[in-house]
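Please read these notes with the model open beside you. They go point by point.

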Amino acid sequence: MRRSLASFQIDAGVSLAVIGKGLGHHSQQTTAVYARLAQDPVADAWQKGTDAILVAAGVKKTAEVGPMKKLRDNSKSAIS
């Protein structure tokens with residue numbers, strides 16, 4: 001349950017310092033394992049490209065573009 005809570009906190013944008021304190025970690029290195037959960041450069045790149053296309057096409061305004069939802073299974077595409 002502790003790891004699940006920390007994973008959900010990362011998704012919600014809670015800082016690693018706060019998560020570590022809540023979990024009772026004495027070392028930042030212990031909490032750093034959760035940092036990898038927040039880093040998804042491939043999804044970020046796809047989102048930025050999609051946002052740019054939609055804005056350029058006039059389908060969405062810049063302020064209307066929101067983040068993509070994370071997939072639980074990495075083998076599935078968000079498009080299919």
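What share of the 80 residues in the chain is buried? Buried residues make up 12%. Here buried means under 20% relative accessible area, exposed means over 50%, and partly exposed lies in between (1.4 Å probe, protein chains only).

1. Basis. This is a predicted model: local features need pLDDT of at least 70, side-chain atom pairs count only at pLDDT 80 or more, and totals for chains, interfaces and linings use all residues. Residues are numbered from 1 along each chain as its sequence is written, and side-chain values use heavy atoms, with hydrogens and water left out.

2. Confidence. pLDDT is the predictor's confidence in each residue, from 0 to 100. The chain averages 77, and 71% of the residues score at least 70. Helix 2 has the highest confidence, at a mean of 91. Helix 4 (residues 35-38) has the lowest, at 72. Where pLDDT is low, the predicted coordinates should not be read in detail.

3. Fold content. The chain has 5 helices and 0 strands. From the N terminus on, the order is α-α-α-α-α. Helices (H or I, at least four residues) and strands (E, at least two) are DSSP runs, numbered from the N terminus.

4. Surface and contacts. The chain exposes about 6800 Å², and carbon and sulfur atoms supply 59% of that area. Areas come from the Shrake-Rupley method with a 1.4 Å probe; for residues, only the protein chains shown count as cover. Contact means heavy atoms within 4.5 Å. Among contacts between residues at least 6 apart in sequence, 26% join residues at least 24 apart.

5. Core. The largest nonpolar core has 5 residues: Ala 6, Ile 10, Ile 19, Leu 23 and Tyr 34. Helix 1 (2-11) and helix 2 (16-23) each supply at least two residues of this core. Such a core is a set of buried Ala, Val, Leu, Ile, Met, Phe, Trp, Tyr and Cys residues joined through side-chain atoms within 4.5 Å. Look at Ile 19. Leaving out residues up to four places away in sequence, Ile 19 touches Ala 6, Gln 9, Ile 10, Val 14 and Thr 31.

6. Helix 2. Which residues of helix 2 are buried? They are Ile 19, Gly 20 and Leu 23. These residues cover an arc of only 100° around the axis, so they lie on the same side of helix 2. The arc is that of the directions from the helix axis to the C-beta atoms. On the other side, Ala 17, Lys 21 and Gly 22 are exposed. The cover over the buried residues includes helix 1 and helix 3. Just after helix 2, Gly 24 takes a positive phi of about 80°.

7. Helix 3. Gln 28 lies in helix 3 and counts as exposed because its relative accessibility is 73%. Its C-alpha atom is separated by 7.5 Å from that of Ala 17, 11 residues apart along the chain. Thr 30, also in helix 3, has a relative accessible area of 39%, so it is partly exposed. Thr 30 and Gly 20 are 10 residues apart in sequence and 7.8 Å apart in space, C-alpha to C-alpha.

8. Thr 31. Apart from neighbours within four places in sequence, Thr 31 is in contact with Leu 16, Ile 19, Gly 20 and His 25.
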